[in-house]
Amino acid sequence: MQVANFNLQDYCQRIGYTGPLKADLTTLQALMRGQLFNVAFENLDVQAGKVVSIDPQEIVKKIIYHPRGGYCYEVNSLFAMALAAVGIDYDLIGARPMFYPTRWPKTHMIVVAKINGERYVCDVGFGSYGLRAPFPLSSINEPIQQDDDLFKLLSADGKNYVLQALVNGEWVSQFEFDLYPHDLLDFIPANYFNSKNPDTVFVQKLLVVKQNAAGRKILLGTSLKTITKDETTVVDIPQDQIKRILEKEFGLVEVYP
């Protein structure tokens, strides 16, 4: 994804990355980790009643230069811009979230990167139990440890896949996908759906997630959850303290009324 206002050095500064930039797995891993730890997954625009813009130049302005976070179409698009800039081939893929109580449309976007004949599932925009590193597509039914989280990719036919995470001792399906490549334009209807449909979590509640080496912090409505390997804590935040929490815990400044 070549975008006129995307600058690789500015992106690297935004995600705190100072290492080499090569079209290899080491760079892919470092960029994904840097973005996860420094760019929040958040739905503040949806909560403000806006339809999120997925125009690539608007994504760059919002996340790199504001700086803000975003949800899957925004943060994964930005990640794809970085891959293109370092010469890593990829596809944008539509995925079906599986945490809703009923079968859901393919409203999630992931990135499948391609390096030396291997494909890697990458996702910096799923939220709570999202991947923390590129996951090799060839590792079917093999649990892979990523920091303190455990993930597994299922496929019965080599065409359709389900990503699972180990949550409280049980394997829980996160999303399913095939490998049909999409253009960013193909996600316009799904983006509108997630911005406006009252059944989506993004419309229902404020949702902000920031990953870190020890785990993650999640603000859902007025509930702040901190998850590490050893413990999970939940704190209720008074409404008049939400802005302070967004700034202190998620690096989001002057974006909340």
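Predicted model: local features only at pLDDT ≥ 70, side-chain atom pairs only at ≥ 80, totals over all residues.
**Entry 1: T107 and its neighbours**

Leaving aside residues up to four places away in sequence, I found T107 touching C72, Y73, A95, P97, A190, F193 and N194. I then looked up where T107 sits: it belongs to the loop between β2 (89-97) and β3 (108-115). Is T107 buried or exposed? Its relative accessible area is 5%, and buried means under 20%, so I noted T107 as buried.

**Entry 2: M98, in the loop between β2 and β3**

My next stop was M98, which also lies in the loop between β2 and β3. For M98 I read a relative accessible area of 32%, which makes it partly exposed. Which residues does M98 touch, not counting those up to four places away in sequence? I listed V162, S173, Q174, F175 and E176. I also checked M98 against V52: the two are 46 residues apart in sequence, and their C-alpha atoms are 22 Å apart in space.

**Entry 3: Helix α1**

I turned to α1, which covers residues 8-15. Its buried residues are L8, Y11, C12, R14 and I15. Looking down the helix axis, I saw that these buried residues fall within an arc of 160°, so they line one face of α1. What does the face turned away from that buried side carry? There I noted the exposed residues Q9 and Q13. I then asked what covers the buried residues of α1. Among the covering elements are α2 (25-38), α4 (56-65) and α5 (72-86).

**Entry 4: The chain as a whole**

Stepping back, I counted 8 helices and 13 strands in the protein chain. The C-alpha trace spans about 50 × 45 × 35 Å along its principal axes. How does the radius of gyration fit a compact globule? A globule of 257 residues would come out near 18 Å, and the chain has 17 Å, so the two agree.

Of the 257 residues, 51% are buried. I also looked at contacts between residues at least 6 apart in sequence, and 54% of these join residues at least 24 apart.

The accessible surface of the protein chain comes to about 11800 Å², and carbon and sulfur atoms account for 49% of that.

Methods. Residues numbered from 1 in each chain as written. Heavy atoms only, no water. Helix = DSSP H or I, 4+ residues; strand = E, 2+ residues; numbered from the N terminus. Rg over C-alpha atoms; globule rule 2.2 N^0.38 Å. Buried < 20%, exposed > 50% of the residue type's maximum accessible area, 1.4 Å probe, protein only. Contact = heavy atoms within 4.5 Å. Areas by Shrake-Rupley, 256 points an atom, 1.4 Å probe, with all protein chains shown as cover. Arc of directions from axis to C-beta.
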